[in-house]
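Here are my notes on this one, written as numbered points. Have the model open while you read.

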Amino acid sequence: SSGINAEYGELEKCNEPRTSNMQRLTMTLALLKPDVYAHPIHHKRILKLIEKEGFVVANEKVTSWNMNQADKFYEEHRGKFFHQRLVEFMSSGEFHALVLAHHTEEAITKWRSMLGFTKCYKARQLNPDSIRSMYGLSDTRNAGHGSDSIESFLKESSIIFPDWDPTEWLANNS
């Protein structure tokens, strides 16, 4: 187990799949990318979808990155053909970062399902009601980001919210 997982052991337990009917609060990081944030009507519609689907906003901020900050966030994609384009796009304007919590469903899976396929053309064909289908413009300008694992959530949320402790929030809100 990595140090971050040991440090956030309680959070990791909360993000494990439910094995009983007990409700368990889970969390994920959601980014509404610059293309969406720059379009107030789309941004508002996505926020309403988030609320309608039962998410609670545990933390949020509107922010922007320079190229170095975007590169750090997307370091796992260094060397991939789209990395530079993604870094340039994510440093092109403000975006809305949210930590989403959910009581009855696994937050990471639910948010990524709402986003839909990364490639917008695929989302439009196979999941036309997804956020990326409705609001994405391209594979990079695809409306949103969602953590793909608890480890990613912990790393990504600590980059965006360095002074915020998700385990403390969970302890006070579970």
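**Notes on the sheet**

1. Let's start with N59, which sits in strand β2 (strands are DSSP E runs of at least two residues and helices are H or I runs of at least four, numbered from the N terminus). N59 has 18% relative accessibility, so it counts as buried (buried is under 20% relative accessible area, exposed over 50%, partly exposed in between, with a 1.4 Å probe and protein chains only). Neighbours within four places in sequence aside, N59 is in contact with A97, L98, V99, F161 and W164 (contact means heavy atoms within 4.5 Å).

2. A word on what you're looking at: this is a predicted model, where local features need pLDDT of at least 70 and side-chain atom pairs count only at pLDDT 80 or more, while totals for chains, interfaces and linings use all residues. Residues are numbered from 1 along each chain as its sequence is written, and side-chain values use heavy atoms, with hydrogens and water left out.

3. Now the pairings around β3. Seven bridges join β2 to β3, and the two run antiparallel; here V62 has H96 in β3 as its bridge partner. β1 (residues 26-32) also pairs with β3 (residues 95-102) in the antiparallel sense, over seven bridges.

4. Is β3 covered or open? Eight of its eight residues are buried. In a regular strand the side chains alternate between the two faces of the sheet. For β3, F95, A97, V99 and A101 are buried on one side, and H96, L98, L100 and H102 on the other.

5. Over in β1, have a look at T28. Its relative accessibility is 0%, so T28 counts as buried. Beyond residues up to four places away in sequence, T28 touches L98, V99, L100, A107, I108, W111, S147 and F153.

Conventions
Two strands pair if DSSP finds at least two bridges between them.
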